[in-house]
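Q: I'd like a close look at one part of this model, the greasy middle and the aromatic rings. Can you walk me through that?

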Amino acid sequence: MTSVAHATPGRWIGMGWGIVREDLGNFILITLIALALATVGSFVVAGPLLAGLFIAVRQRLLEGRMDISDLFSGFSFFIDTFLIFIVSTIFSLVGLAFCILPVFIVTAFYLFPYLYLVDRKLTFWEAMEASRRLATQHLAGYTVFVILLLLLNLLGLMLLGVGVLITIPVTIAAITVAYKESVGFSYTPQETRGPIVIP
């Protein structure tokens, strides 16, 4: 397991863009599919689809490839991902009720539960608690990270909405990079196919 001395949000976002840029077409396609399915299935499928996006980026980092089928791998964790989405949304709404800053802090707490779930096979609550404990160590940095990611996606929305087809995967990739550097993936493949090396 690796750890970082402090959060580096700008660097993580830059690295996230680097990952997405290397396979931009596939990332746009997988994001478009996820958004279409989320529109049809609403909050019921949002959790599994988010997990699938994280799985796709994780595969890209570990094995240098990703596949459309990775998006649907999140449905293997349907109940836990559904619960993560519902509970974290409720917590964020409670934070919002207390003003703007608390919602950023709550969002920072729950940046990583999907990754803990799919990478370390924790239960939904164990994953949420692990994410909260990690964010608490460098809360200011992770909160800034959340704000920068929000601004990035607002920019995507301003570009006629289509910009989110890029900013969403960059957001997922940046969070995955932060997890990789802060926690470390649970395994390294014996053989990799053109792995992405993050400087």
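Which residues have the most contacts inside the largest nonpolar core, and how many residues does that core have?

A: Keep in mind that this is a predicted model. The largest nonpolar core counts 57 residues, and the ones with the most contacts inside it are Phe112, Tyr116, Tyr142, Phe145 and Ile175. Helix H3, running over residues 43-63, puts in the most, with 10 residues. As a general rule, nonpolar side chains in soluble globular proteins tend to be buried together.

Let's zoom in on Tyr142. Setting aside neighbours within four places in sequence, Tyr142 touches Ala7, Trp12, Ala108, Leu111, Phe112, Leu134, Ala135 and Ser182. Tyr142 also belongs to an aromatic cluster, together with Trp12, Phe112, Tyr116, Phe145, Tyr179 and Phe185.

Now for the ring pairs. Searching the whole structure turns up 13 aromatic pairs. Take Phe75 and Phe78: their planes are at 15°, under the 30 degrees cut-off, with the centres 6.3 Å apart, so this pair is stacked. Phe75 has 31% relative accessibility, so it counts as partly exposed, and Phe78, at 29%, is partly exposed too. Phe109 and Tyr110 make an edge-to-face pair, with 6.2 Å from centre to centre and 75° between the planes. Tyr110 is buried, because its relative accessible area is 14%, and buried means under 20%.

Conventions. Residues are numbered from 1 along each chain as its sequence is written. This is a predicted model: local features need pLDDT of at least 70, side-chain atom pairs count only at pLDDT 80 or more; totals for chains, interfaces and linings use all residues. Side-chain values use heavy atoms; hydrogens and water are left out. A nonpolar core is a set of buried Ala, Val, Leu, Ile, Met, Phe, Trp, Tyr and Cys residues joined through side-chain atoms within 4.5 Å. Buried means under 20% relative accessible area, exposed over 50%, partly exposed in between (1.4 Å probe, protein chains only). Helices (H or I, at least four residues) and strands (E, at least two) are DSSP runs, numbered from the N terminus. Contact means heavy atoms within 4.5 Å. Rings of Phe, Tyr and Trp (its six-membered ring) pair if their centres lie within 6.5 Å; planes under 30 degrees apart count as stacked, over 60 as edge-to-face and the rest as tilted.
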